[in-house]
Amino acid sequence: MLRNGLEPWHLLIVAIVVIVLFGSKKLPDTARSLGRSMRILKSEAKALKEEGGSGAAAPPPGEQARPAAPADAG
């Protein structure tokens, strides 16, 4: 059934539906906001990758490592 995948006329139909739904006046603004969102996502992912690659796992902010409680000798 889906052996051929997407053909060019499928993409044409999708483009026409998008233009009809959003209108030609809103498409540039929509594309611009999508681009901004992608840049933000990319920068956040890069920051997480750099933060996670620092080596030792630090406790979350506000939490301090607690020393182990001494065992009862008795």
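Select D29 and R32 to begin: the two form a salt bridge, with the closest N and O atoms 2.8 Å apart. The rule here asks for a side-chain nitrogen of Lys or Arg within 4 Å of a carboxyl oxygen of Asp or Glu, and by this rule the count comes to one salt bridge. Side chains of opposite charge can pair when their charged atoms come close. D29 and R32 sit three residues apart in helix α1, so about one helical turn separates them. D29 is partly exposed at 47% relative accessible area, and R32 is partly exposed at 43%. (Buried is under 20%, exposed over 50%, partly exposed in between, using a 1.4 Å probe and protein chains only.)

A quick word on the ground rules: this is a predicted model, where local features need pLDDT of at least 70, side-chain atom pairs count only at pLDDT 80 or more, and totals for chains, interfaces and linings use all residues. Residues are numbered from 1 along each chain as its sequence is written, and side-chain values use heavy atoms, leaving out hydrogens and water.

(DSSP runs: H or I of at least four residues for helices, E of at least two for strands, numbered from the N terminus.)

Next, go to G23, where α1 bends by about 95°. That bend is the angle between axes fitted to the seven residues ending there and the seven starting there.

Then select W9, I13, V14, V17, V18, L21 and F22, which form a nonpolar patch on the surface. Finish on L21, in helix α1 (residues 8–52); L21 counts as exposed because its relative accessibility is 64%.

Notes. Patch = residues over 30% accessible without salt bridge, like charges linked within 9 Å, V, L, I, M, F, W, Y side chains within 5 Å. Areas by Shrake-Rupley, 256 points an atom, 1.4 Å probe, with all protein chains shown as cover.
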